[in-house]
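This report describes one protein chain, part by part. The sequence and the structure come before the text.

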Amino acid sequence: MKGGGHKKPSKSESNEPSSYNLGGSNVVVSHASRGALVPPSQVTTATPPPPITSVTPLPLFRDVPVSERQSLFLRKLQNCCFHFDFTDTTKIVREKEIKRQTLLELVDFIQSGASKIISESCQEEMIKMVSLNLFRCLPPASHENTGQEPADPEEEEPYLEPSWPHLQLVYELLLRYVVSTDTDTKVAKRYIDHSFVLKLLDLFDSEDPREREYLKTILHRIYGKFMVHRPFIRKAINNIFYRFIYETERHGGIGELLEILGSIINGFALPMKEEHKLFLIRVLIPLHKPKPIAIYHQQLSYCIVQFVEKDYKLADTVIRGLLKYWPVTNCTKENLFLQELEEVLEATQPVEFQRCMVPLFQQIARCLNSSHFQVAERALFLWNNEHIVGLIAQNRSVILPIIYPALEKNIQSHWNQAVHGLTVNIKKMFMEMDPDLFEECQRQYEEKQAKSKEVEEQRQFTWKRLAEAAAERDGVGGGEDYMITS
């Protein structure tokens, strides 16, 4: 699922049982065909094979002498460099199956620990083959073909890549190479370089959710294994977010990128670097602005709460940021904001709460009176949280005068019975919490209502006199017929 969480692959992933299933391909890879590994001291440099002009069947690794396996490895890589048209499933079926079986063998070969015995040139050729298969122009989104306004991505049917039977195995090969404990980082970083990482990031805009899931796992593993790439990866992801926020508001992989960042933020050391705080202010908080926030809000909210839990002083910054981007007419989005607000407040300390409570409860009061019952109900549910009730109780002398008029308005005129009932309960809670303060707020409210009524009556009287004066001036009787009432 696009918006769901992602379980991190375990450290033991490279030591899986002797057979495993590659999801979606319905193929079980058996390790029975593995040949015995040779120690590094016996490794010989493979002679590059002559170029091949078509996909041809090749022997299994177990069927050739150990000394020839690197050469065979290179020939198999060449087999996998051929591209096929998958739009017609009846064409060149034999060649497609040969390539698929070859990819399965390569995955099995790397999984078996061969990456520690194959030469650097073989590893380089393997990354070239991976690049040839993965790095391609993605098809345009459906709305780009028609020129129409983009529909809600959640309502669109996901695009499924026709060549996935081959692409999945190429991704699996790359993943196994990256996670293998036998892969030498010093060697691998020469081929999995900044250019390679950037091209991987470009693929996150794929409309195929299966591809984005693989990309998420692989990029996360690259971030963990190649420490030299970490600042670059963070900066490159930031640039994708900037373009999404301020230019396109259209990108398939924002949720997956935020999942990666959620794990990265979880590992930030304290005290937090200024770079990370700027990332919160300049990227994460503005990500509340785009319309399609519902697609990635779960991951965004997790990242935001991580910051507040790590450094409680950031709560004021986050809450004021939410208020800055608070939706005006989008009730679905407003519900998401209220959910996130509750999570942030749960991690907020009293000192930070006091800094932002006035503008915060002015906004909550507006939500309480929303004509959309789900928004009003969600705002009232904040009082179900014990930590938030504790913060409110400590600062009731400031908060109750702000929200009392909203509570009274709900009781007197809100159309929804559930909202009416919840409002009555909260009013009773304040009454029991501090009877004197409650009575004072009630008195001030009644005085304000009486004054408003008096002002309205005076306004009506003034308009009536003006209408009468105008009627007399024009020589028309019955000024009441011309009285302006609003």
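Glu-408 and Lys-427 form a salt bridge through their side chains, at 2.5 Å from N to O. A salt bridge is a side-chain nitrogen of Lys or Arg within 4 Å of a carboxyl oxygen of Asp or Glu. This pair links distant parts of the chain, with Glu-408 in helix H18 (residues 396-413) and Lys-427 in helix H19 (residues 417-433), 19 residues apart. Helices (H or I, at least four residues) and strands (E, at least two) are DSSP runs, numbered from the N terminus. Glu-408 counts as buried because its relative accessibility is 8%, and Lys-427 is buried with a relative accessible area of 15%. Buried means under 20% relative accessible area, exposed over 50%, and partly exposed in between (1.4 Å probe, protein chains only).

A second salt bridge joins the side chains of Lys-76 and Glu-105 (2.9 Å, N to O). This pair also links distant parts of the chain: Lys-76 belongs to helix H1 (residues 69-79) and Glu-105 to helix H2 (residues 93-111), 29 residues apart. Lys-76 is buried at 1% relative accessibility, and Glu-105 is buried at 17%. The salt bridge of Arg-473 with Asp-474 has its closest N and O atoms 3.5 Å apart; both residues are exposed. The count comes to 23 salt bridges.

## Basis of the model

The model is predicted: local features need pLDDT of at least 70, side-chain atom pairs count only at pLDDT 80 or more, and totals for chains, interfaces and linings use all residues. Residues are numbered from 1 along each chain as its sequence is written, and side-chain values use heavy atoms, with hydrogens and water left out.

## Glu-211

Glu-211 lies in helix H8 (residues 209-225) and counts as buried because its relative accessibility is 0%. A network of salt bridges links Glu-211 with Arg-136 and Glu-161. Beyond its neighbours within four places in sequence, Glu-211 is in contact (heavy atoms within 4.5 Å) with Arg-136, Trp-164, Tyr-171, Leu-203 and Ser-206.

## Chain and core

The chain has 20 helices and two strands. Buried residues make up 47% of its 486 residues.

The largest nonpolar core has 128 residues, of which Leu-284 and Trp-383 touch the most other members. Helix H5 (residues 164-179) gives the most to this core, with 11 residues. Such a core is a set of buried Ala, Val, Leu, Ile, Met, Phe, Trp, Tyr and Cys residues joined through side-chain atoms within 4.5 Å.
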